[in-house]
Amino acid sequence: GALLTVYLGVVIAALVLVNKVGVRAWTAARAAWAEQMGFLEERFAGTEDIRGIGAEQHQQRRLAGLMLNLLRSARAGWLANALGHVVSNFLFIVGYAMGLAIGATLYLNGQATIGTAFMIVAYIGMLATPIDALHDIAEQLQQATAGVNRVSELLALRPRARDEGRAELPAGPLSVQFDGVSFAYRDEDTPAADATESDSLILREVSFMLAPGRTLGVLGRTGSGKTTLTRLLLRLYDADSGAIRLGGTEIRAVPFERLRARVGLVTQDVQLFGATLRENITLFDETVPDAAIEDALDKLGILDWARGLPQGLDTLLEPGGGGMSAGEAQLLAFARILLRDPGLVILDEAASRLDPLTERRLERAIEHLLGDDGRRRTAIVIAHRLRTVQAADDILILEGGEVAEFGPHAALAADPESRFNRLLRAGLEEALA
């Protein structure tokens with residue numbers, strides 16, 4: 001019995017070691033599979049662009065490389081499974097041979113009968129079925145453990161922006177203050193101190209103050225940090241240094257839910273879901289009444305358009321806004337903002353991809369969104385076009401992540417020495433191209 005127990009312990013220890021090898025192999029295979037699926041998803045979404053530039057062969061070669069990597073990783077996993085079979089079968093043969101040797105030796109020495117010798121061999125043979133079962137379970141555990149490891153890696157990820165605040169933002173329009181804000185997109189392992197000392201800073205010591213109810217026009221070349229500024233206001237990222245305040249409250253002290261309920265963002269790429277018009281406007285909030293939705297649509301001048309759809313608010317929209325114009329998608333994004341009634345509205349080049357007629361229609365909607373009903377909202381408008389910032393109260397010009405100029409619109413436009421005045425004279429579109 002003691003010998004059989006030791007033998008079984010050796011078998012289990014060997015299977016555990018083989019299992020560790022298999023887990024590493026299957027974890028790599030899962031990673032290779034995820035990489036291949038991500039590649040396919042991106043390429044399917046960009047099929048028209050890939051065909052338009054004749055890049056099919058290049059993408060097929062890249063896919064072949066990913067498939068080869070997956071094959072090698074999965075093959076390593078299957079080889080680990082086969083190794084488990086080899087190890088278990090080899091140990092069983094060794095155990096069976098040892099049992100035969102022990103039984104024969106005891107019988108020949110007259111220390112055991114033939115029945116006892118047979119019993120020893122039979123007991124070892126009885127271990128074959130449970131050992132095979134253990135190996136089958138070990139194979140399943142290899143793949144299951146690899147999957148759990150991948151999920152654990154995902155669950156272990158933690159955003160740098162922590163939702164730990166308890167402060168409240170004041171009601172009404174919000175003031176916006178940047179105080180020496182610097183920021184760099186960096187890897188998870190890069191310390192903030194190292195990022196701020198590098199040349200990769202997107203924003204460098206940005207400081208300005210926007211009073212409540214005023215509109216700020218933000219200008220700058222591509223890559224100057226305009227969009228990054230809006231991401232920091234929503235705490236999609238946290239600044240590496242400096243402070244950002246809304247309504248006099250440091251935004252790190254405000255919970256995500258309360259902050260994003262008081263800050264509305266509309267970008268040039270509006271995300272629409274494969275759901276009803278109502279669900280796309282309310283973002284699946286069933287507590288919003290239809291009367292509020294229709295009021296928001298009426299203020300934007302698209303209520304008749306919505307009522308003219310086959311099922312009205314219950315009309316199913318295609319994923320990604322298929323079948324809708326860019327202007328209609330932008331107006332639906334504005335309706336989302338009106339329903340939330342935020343204290344700060346951010347428009348990130350929301351009209352940059354529209355034709356002039358649709359753009360003028362959208363500008364009227366923007367005027368209402370910013371508060372032409374007596375409840376003026378604070379607004380930040382990021383633009384490449386002069387007409388987009390004509391109604392702005394203040395102008396902020398970014399160059400290389402730094403504040404090149406900030407001040408009242410009228411004062412900068414009247415000052416022949418200001419950068420904004422030079423942009424007006426040169427033509428904003430050409431100067432910022």
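Aspartate 394 and arginine 214 form a salt bridge in this predicted model, with their closest N and O atoms 2.7 Å apart. The pair links distant parts of the chain, since aspartate 394 belongs to strand S9 (residues 394-399) while arginine 214 sits in the loop between S2 and strand S3 (215-220), 180 residues away. With a relative accessibility of 7%, aspartate 394 counts as buried, whereas arginine 214, at 30%, is partly exposed.

A second salt bridge brings together arginine 252 and aspartate 238, whose closest N and O atoms are 3.5 Å apart. These two are 14 residues apart, with arginine 252 in the loop between S5 and H8 and aspartate 238 in the loop between H7 and S4. Arginine 252 is partly exposed at 36% relative accessibility, but aspartate 238, with a relative accessible area of 13%, is buried. Through shared partners, salt bridges join Arg235, Asp238 and Arg252 into one network.

The whole structure holds twelve salt bridges, and among them is the one in which the side chains of aspartate 179 and arginine 245 meet, at 3.8 Å from N to O. This pair spans 66 residues of the chain and connects strand S1, which carries aspartate 179, with strand S4, which carries arginine 245. Both partners are partly exposed, aspartate 179 at 39% relative accessibility and arginine 245 at 25%.

Strands S1 and S4 lead us to the sheet itself, an open one in which four strands follow the order S2-S1-S4-S5 with antiparallel pairing. Because strand S2 (203-210) and strand S5 (249-250) each have a single partner strand, they stand at the edges, and one side of each is left without a neighbour in the sheet. S5 is joined to strand S4 (residues 241-246) by two bridges, and in this pairing arginine 245 stands opposite glutamate 250. Helix H7 (residues 226-233) packs on the sheet, where it touches S1 (176-183), S2 and S4, and its direction makes about 115° with that of S1.

Within helix H7 lies leucine 229, which counts as buried because its relative accessibility is 0%. Setting aside residues up to four places away in sequence, leucine 229 touches Phe178, Leu203, Phe208, Leu396 and Leu398.

Which residues of helix H10 (residues 290-299) are buried? They are Ile293, Ala296 and Leu297, and because they cover an arc of only 100° around the axis, they lie on the same side of H10. Their cover includes helix H9 (277-282), helix H11 (303-307) and helix H12 (326-340). After H10 comes glycine 301, whose phi is positive, near 80°.

Beyond its neighbours within four places in sequence, arginine 262 is in contact with residues including Leu169, Pro170, Arg340 and Asp341.

Turning to the chain as a whole, its secondary structure amounts to 16 helices and ten strands, and 40% of its 433 residues are buried. Of the contacts between residues at least 6 apart in sequence, 75% join residues at least 24 apart. The protein chain exposes about 23300 Å², of which carbon and sulfur atoms supply 57%.

Notes
Residues are numbered from 1 along each chain as its sequence is written. This is a predicted model: local features need pLDDT of at least 70, side-chain atom pairs count only at pLDDT 80 or more; totals for chains, interfaces and linings use all residues. Side-chain values use heavy atoms; hydrogens and water are left out. Two strands pair if DSSP finds at least two bridges between them. Contact means heavy atoms within 4.5 Å. Axes are lines fitted to C-alpha atoms, for helices over the stretch in contact, and angles run from 0 to 180 degrees between N-to-C directions. Buried means under 20% relative accessible area, exposed over 50%, partly exposed in between (1.4 Å probe, protein chains only). The arc is that of the directions from the helix axis to the C-beta atoms. Accessible areas come from the Shrake-Rupley method with a 1.4 Å probe; for residues, only the protein chains shown count as cover. A salt bridge is a side-chain nitrogen of Lys or Arg within 4 Å of a carboxyl oxygen of Asp or Glu.
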